[in-house]
Structure formats: C-alpha cells, structure tokens
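Let's take a walk through a protein together, one stop at a time. Keep the picture in view and look up each residue as we get to it.

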Amino acid sequence: MDNELLGAVYSLISRADGGEKISLYECDDFLNNIPKFTGKHGILETKDFLAFLGNPDSNMKIIHVAGTNGKGSVCNYIQCVLIKAGYKVGTFTSPHLVKVTERFCVDGKPISDGLFTEIFVETLRRVIEYGKEDFFPTYFEFLFFMGMILYDVYPVDYLILETGLGGRLDATNSVEKPIISVITEIGFDHMQYLGDTIEAIAWEKAGIIKKNIPVVIFDKRKEATEVIKTEALAKDSRAIVVSRDNIENVTCGSDEAGNKYIAFSLNLLYDKYVDLKLSTAALYQTENALLAVSALEVMKNQGTEITELDIREGLISARWECRMEEVRPGTFVDGAHNLDGIDAFLDSTAGISCEGRRLLLFGMVSDKQYSDAVREILKSGLFDGIYVSALETLRTVSVSELKSSFEEAKEELGIIGIPIKYYTNVRDAITDIITARKSKDLVFAAGSLYLAGQIKEMI
C-alpha cells in the first residue's frame with residue numbers, strides 16, 4: 001500500500017479514535033483521491049474482502065439491478081412501493097448528483113453526514129485489519145463495502161443494489177444470493193470496458209444472474225434479450241421478459257396544481273393494472289415502472305406482502321431527481337447521458353406542449369457518443385435555441401469539440417437558423433438561458449448527470 005495513502009488512513013483513524021469529528025468534506029476528499037493509489041480489483045478479490053467482513057450479504061434480502069439506462073429509476077420505484085407496503089428499505093445507488101451521502105438511502109432519505117463518516121472510518125479500519133499490503137479498494141469498491149457494513153450494522157428489510165458499471169465484474173456482483181435480479185434496457189455505453197457490440201454488453205450485464213434466482217429483463221433489443229435469456233437458462237434462472245407491448249393506454253396530463261403526470265396500464269402475465277400514474281413528464285419512465293412492478297410481482301410470489309394499492313400509491317409517490325424533473329416551473333432537467341437516453345429525452349420533450357420556444361442547455365462527457373447525440377438533437381427540430389457548455393469535470397467534452405460537432409451536424413443535415421451559443425462553464429450558460437427565456441418558453445437541460453448535478457446546485 002502506498003505510504004502516502006497509508007499515512008492518510010492512519011491519521012483519519014487516529015483522529016476518530018481520539019474523539020475528533022471527521023468532516024464529510026474530508027471523507028469526500030479522501031475518496032476522490034483514491035484513484036491515484038489503486039486500480040480495480042477482480043471479482044474474486046472483492047469476494048475475499050466481503051468474506052473478511054463476514055459475508056454480511058448472506059443475511060440480507062437483496063434486489064440486484066443492472067442495465068444501461070433506467071437502473072436508478074427502477075430502484076426508486078421498487079423502493080417506493082416497498083415503503084408503502086410497510087417495509088424498511090435500503091438502497092445503494094450511483095452516481096450522486098450533489099452529495100455523496102445520496103448513494104446510501106434508508107426509506108428514500110440519504111443517510112446523515114455523521115452516519116456516513118462513522119461507516120467511512122469503520123471501513124478504513126476493516127481494510128487495515130485485512131492486512132494485505134497490495135489491497136486497497138477503488139472509489140466504487142470502497143463505497144460498496146461501506147454499504148455492506150452500513151446495512152449490516154443498521155439492518156433493513158430489503159436492500160436494493162444498483163451496479164456501478166457492467167455487471168459480471170462489478171463490485172456489487174460479489175453478493176452471493178440476491179432474491180431477484182433485474183436487467184434494464186441494454187444500449188451502447190462504456191464500450192471501452194464492456195465491448196462494442198450489443199451482444200458483448202448484454203453478456204457483461206447478464207453476469208449478475210445467479211443460479212436458481214429469477215431475473216426480470218426488459219426486451220428492447222432482441223440480440224441483447226437472447227444473450228441474457230441464454231445466460232439465465234444456463235444458470236437455471238427463470239427469466240421474466242417484458243417489453244413496451246406490456247404498456248397500454250399511455251396519456252399525459254396535469255393535476256389541479258399544474259403538476260404533470262403520466263397515466264398508463266400494465267398488462268402482465270398474472271395481473272393487469274389499470275390507470276396507474278407516475279409523477280413525471282418522462283414517457284420513458286413507464287418502461288422503468290413496468291420493470292419494477294414485474295419484479296415486485298415475482299417478490300409477491302416469494303412471500304413479500306404487497307397489495308395493488310401499495311403499487312399504485314408507491315408509483316405515484318415516487319420522485320427521482322433529474323429524470324425529466326421540473327426543477328422550477330417550465331424548467332426541466334434530465335440526466336440523459338448516452339444515445340438511448342438522449343432519444344428517450346427527446347421523445348418526452350416532444351410530448352410536453354409548449355406555447356413558446358423550447359430552449360436547450362447541453363453538455364456531455366468525452367467517453368459518450370456526443371457527436372451522435374448532437375446529430376439526434378438537431379434532427380429532432382424541437383429546439384429554437386441551444387446553449388452548449390463544458391462541464392466542471394476532467395471528463396468533459398471541450399467547447400471547441402462540441403462546437404465542431406454541432407457545426408458538422410448542421411452542415412450534414414442542412415440545418416440553418418437555429419442559434420447556438422457556447423460557454424466554458426455551466427453557470428454562465430444558465431444565466432444567459434434564464435435571461436433569454438420569455439414567459440411561455442420552456443427550458444430543458446440534458447446530456448450528463450454532471451450537468452444535472454451542477455444545475456441542481458445552482459438553482
């Protein structure tokens with residue numbers, strides 16, 4: 001273990017043992033510096049450390065969720081229904097938008113700063129006690145181990161685990177026996193790690209499937225579905241496959257207070273749910289709700305006590321930040337960060353009536369298909385003005401690269417007349433877009449969860 005890292009660890013533990021309060025800022029700063037000292041470990045190494053912790057997952061009822069888009073939303077819908085049914089629910093999700101404590105929730109609320117630092121220091125102690133000089137968890141692995149310790153010391157009835165990246169080699173896949181696995185839609189993302197074909201990516205995601213544990217699959221691309229079904233068959237896992245065909249009668253509306261909602265019905269294998277509602281303008285959330293309800297039906301058959309009223313009230317009560325979230329009247333923020341997400345964002349944008357102009361704030365990170373996303377945005381013809389910004393992260397696409405992508409796409413598509421402005425920071429872009437907005441205009445922001453988080457901090 002690097003001497004600088006080891007010194008920082010012993011210093012934090014010593015201060016905590018001496019009764020000194022460790023701040024959340026210090027924990028966050030330590031975590032953000034981990035990548036300088038360590039790299040990703042194999043799944044066997046992760047399992048070995050989990051075994052050292054006493055395999056706390058063996059006493060937990062875990063719902064394991066993987067996929068390209070929609071993981072967080074599926075986790076949230078399952079969580080909200082289980083809470084309505086009277087259960088205590090923990091979640092481990094990523095990334096966070098503003099504050100790292102968001103990654104650990106109990107009954108939908110992030111844990112306190114004090115509890116976070118308590119578990120953080122305890123995790124440091126366990127790593128030192130483990131005694132392997134060449135082992136220190138990565139950023140995500142450390143947070144995962146924190147989650148295992150947290151929900152072991154402070155148990156919940158159900159724990160929902162969202163994978164970080166992929167599935168087969170993800171740290172969360174060290175858990176031995178979840179009660180159910182869920183795989184959301186499969187699309188192109190993180191190709192440098194997961195492969196450059198849908199089949200390869202699907203195989204990585206299918207790595208979370210466990211022997212004799214049922215898996216719920218969203219069938220968006222047949223080639224992905226076939227790969228996942230094959231993996232499920234090999235592990236004697238019952239595969240429950242759902243698709244858009246299970247969603248019926250979708251309508252958008254607003255309540256008396258002006259809050260937008262989507263009404264829809266689900267036609268599943270055993271039950272039909274009529275006139276369900278989601279508190280969102282994001283049409284794609286019907287697909288995530290479908291996955292959640294399908295998983296909950298399987299859990300019902302396993303003995304979890306859930307009523308139709310729990311499902312109905314849980315879905316309408318769910319709020320998920322930065323998924324077509326109306327952060328202020330007429331201003332929508334969406335965390336769409338890959339090509340499939342952008343397409344879904346554009347579908348939802350088209351479904352929101354607008355009496356004035358639609359203005360877009362856009363920024364993306366460099367390991368995404370940003371040129372293709374730019375092309376889809378311009379092809380949609382939805383926006384009367386586009387404000388393009390670099391993001392406050394080392395992974396951002398530069399302003400010059402974004403400008404080149406927009407200019408090339410405009411020329412390719414023969415588009416003229418759409419004003420596009422470029423900014424080196426999000427704050428200036430937000431200031432200008434708010435200043436330019438007229439009373440009947442709608443403002444949208446999309447392209448990255450980094451962008452969404454920065455907007456949430458500023459508004």
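We'll begin with charges. A search of the whole structure, which is a predicted model, turns up 25 salt bridges. If that term is new to you, the idea is simple: side chains of opposite charge can pair when their charged atoms come close.

Next, find Arg-168 and Glu-204, whose side chains form a salt bridge at 3.1 Å, N to O. Arg-168 belongs to the loop between β5 (158-162) and β6 (180-183), while Glu-204 belongs to helix α8 (residues 198-205), so the bridge ties together parts that are 36 residues apart in sequence. Arg-168 counts as partly exposed, at 30% relative accessibility, but Glu-204 counts as buried, at 9%.

With a relative accessible area of 1%, Gly-167 is buried. What is Gly-167 in contact with, leaving aside its neighbours within four places in sequence? The answer is Asn-173, Glu-204, Lys-205 and Ile-208. Notice Glu-204 in that list: it's the partner of Arg-168 in the salt bridge. As for Lys-205, its C-alpha atom is separated from that of Gly-167 by 4.4 Å, although the two residues are 38 apart along the chain.

The side chains of Lys-222 and Asp-219 meet in a salt bridge of 2.7 Å, N to O.

Now for some empty space. Rolling a probe the size of a water molecule over the atoms shows where empty space is left. In the whole structure, the search finds one cavity of 30 Å³ or more, and the volume of the largest cavity is about 30 Å³. Which residues line the largest cavity? They are Ile-186, Ile-217, Phe-218, Lys-220, Arg-221, Ala-224, Thr-225 and Ile-228. By type, that lining divides into five nonpolar residues, one polar and two charged. β7 (215-218) and α9 (222-234) each supply at least two of the lining residues, and α9 gives the most, with three.

Let's move on to helix α11 (residues 308-317). Asp-310, Ile-311, Gly-314 and Leu-315 are its buried residues to look for. Why do they end up on the same side of α11? Because they cover an arc of only 120 degrees around the axis.

Our last stops are about the backbone. Most residues other than glycine have a negative phi, and most peptide bonds are trans. With that in mind, look at Ser-94 and Pro-95: a cis peptide bond joins them, with omega about -5 degrees. Pro-95 is in the loop between β2 and β3. Thr-101 has its place in the loop between β2 (89-92) and β3 (104-106) as well, and Thr-101 is buried, with a relative accessible area of 3%.

Then there are positive phi values. Asp-275, in strand β11, has a phi of about 55 degrees although it is not a glycine. Met-324, in the loop between α11 and β12 (325-328), has a phi near 50 degrees, again a positive value in a residue other than glycine. Buried or exposed? Asp-275 is partly exposed, with a relative accessible area of 42%, while Met-324 counts as buried, at 2% relative accessibility.

Conventions. Residues are numbered from 1 along each chain as its sequence is written. This is a predicted model: local features need pLDDT of at least 70, side-chain atom pairs count only at pLDDT 80 or more; totals for chains, interfaces and linings use all residues. Side-chain values use heavy atoms; hydrogens and water are left out. On a 1 Å grid over the protein atoms alone, a cavity is a set of points where a 1.4 Å probe fits but cannot get out, and a pocket is an open set with protein on both sides within 12 Å along at least five of seven lines; lining residues have an atom within 4 Å of a point. Grid points are joined across faces, edges and corners, and a volume is the space filled by probe spheres set on the points. Helices (H or I, at least four residues) and strands (E, at least two) are DSSP runs, numbered from the N terminus. Ala, Val, Leu, Ile, Met, Phe, Trp, Tyr, Cys and Pro count as nonpolar, Asp, Glu, Lys and Arg as charged, and the others, Gly among them, as polar. Buried means under 20% relative accessible area, exposed over 50%, partly exposed in between (1.4 Å probe, protein chains only). The arc is that of the directions from the helix axis to the C-beta atoms. A salt bridge is a side-chain nitrogen of Lys or Arg within 4 Å of a carboxyl oxygen of Asp or Glu. Contact means heavy atoms within 4.5 Å.
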